[in-house]
Amino acid sequence: MIHCCMRKECDSSQILSSKTNRLKDEPDQVHEQSITRKALETGDLILFKNRTISTILQTPNYRWFDDKAISAQNNIYLEKYKLHYCKIDKNMGSTMQATFCYIDDQRGFSKLFFNNSWQHGLDNTECGNSTAYGSLRKRFLKAAEDTDFFAENSGIYHFSIIRHPISRFISAFIDICVNRAGKPHLTNKLCFACRGSLDCFVPKLHDYLYKQSVHRPVNKWSLDWHFLPQSWYCDYDRHLDKYDRLIRYGRNDQFRTELVNMLGKRGVPPDLLSDIEKQLKTKKNLHATFDRSSEYEKKLMNNPLLLEYVYKIYHLDFVWFCYRLNTTNTGE
């Protein structure tokens with residue numbers, strides 16, 4: 001069963017039936033998600049009629065060890081609290097990395113947590129190195145390899161942060177295709193050389209990700225993982241119902257309170273919780289994109305063809321995580 005919200009917290013009316021098929025002797029082959037026709041007909045997919053645009057209905061079966069496909073920094077495990085966080089790019093990932101580094105080692109990461117702006121992510125910082133190939137990465141790998149990481153009796157608490165697919169796509173587009181691809185030395189290396197053109201980029205992104213979903217060879221480009229569907233992360237295609245909490249991203253007190261309360265229930269001390277809550281309220285990444293998000297979101301939402309492409313790219317995200325196209329304030 002794959003639920004459209006967490007199995008421990010969702011309404012029974014929200015549960016979607018889906019079947020996962022894997023070739024018995026080929027565990028690394030494509031992991032198809034066979035969504036029932038009833039689920040498709042009751043979702044937003046019925047709004048779109050262009051049969052030449054394929055809907056991505058399966059994942060490429062990326063695992064947590066596929067560092068070349070999805071960043072190695074995407075899993076952090078704090079054994080002291082039996083707490084596993086799976087990072088999804090563009091879902092406040094740098095903030096959560098810094099937070100987990102600080103929880104793990106206040107003395108070592110105090111300067112990063114309190115003073116640094118985390119302006120272009122945490123690459124080449126001590127925290128980024130630790131989560132990519134250093135101490136925190138090694139501890140996660142050891143736990144994942146030595147135990148049945150997602151077993152009920154493991155006692156491990158699994159959580160991640162999810163985001164409205166439109167909001168997340170716009171954030172990635174501004175960060176990678178507008179801000180970074182606008183630099184002369186990166187113009188032809190990112191976003192299919194489309195720079196800030198949605199009309200150019202969106203159809204190419206659809207074809208590119210559709211090929212990945214069925215494991216056809218593709219020429220990957222730097223930072224492309226920011227556009228991967230959330231359903232491709234975190235071993236969701238095998239273990240979505242094993243996650244204890246999916247916290248919906250939002251720039252509001254409700255999101256911050258839910259996150260801090262969850263950490264408190266896992267045993268994080270009150271003084272650290274106070275530090276975390278204060279930083280969540282005041283910290284702003286320099287590469288944060290919400291200042292321009294409404295401009296590009298309006299362009300996308302007012303273009304039916306581009307909107308259909310984007311919806312069909314992220315269809316599984318909408319279905320698995322209970323998001324709808326007509327959700328108000330998708331920019332959170």
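The link of Cys101 and Cys127 is right-handed, with 85° about the S-S bond. These two residues form a disulfide (a pair of cysteine sulfur atoms within 2.5 Å), and their sulfur atoms are 2.1 Å apart. Cys101 lies in helix H2 (residues 93-104) and Cys127 in helix H4 (residues 126-132), so the pair ties together parts that are 26 residues apart in sequence. Helices here are DSSP runs (H or I) of at least four residues, numbered from the N terminus. Cys101 is buried, at a relative accessible area of 0%; buried means under 20%, exposed over 50% and partly exposed in between, with a 1.4 Å probe and protein chains only. Cys127 is likewise buried, at 0%.

The model is predicted: local features need pLDDT of at least 70, side-chain atom pairs count only at pLDDT 80 or more, and totals for chains, interfaces and linings use all residues. Residues are numbered from 1 along each chain as its sequence is written, and side-chain values use heavy atoms, leaving out hydrogens and water.

A search of the whole structure finds 4 disulfides. Another of them joins Cys177 and Cys191, with sulfur atoms 2.1 Å apart. Its torsion about the S-S bond is about -85°, so the disulfide is left-handed. Cys177 is buried at 1% relative accessibility, and Cys191 is buried at 0%.

A disulfide also joins Cys194 to Cys200, at an S to S distance of 1.9 Å. The torsion about this S-S bond is about -60°, so the link of Cys194 and Cys200 is left-handed. Cys194 is buried, with a relative accessible area of 7%, whereas Cys200 is partly exposed, at 25%.

Key: Helix = DSSP H or I, 4+ residues; strand = E, 2+ residues; numbered from the N terminus.
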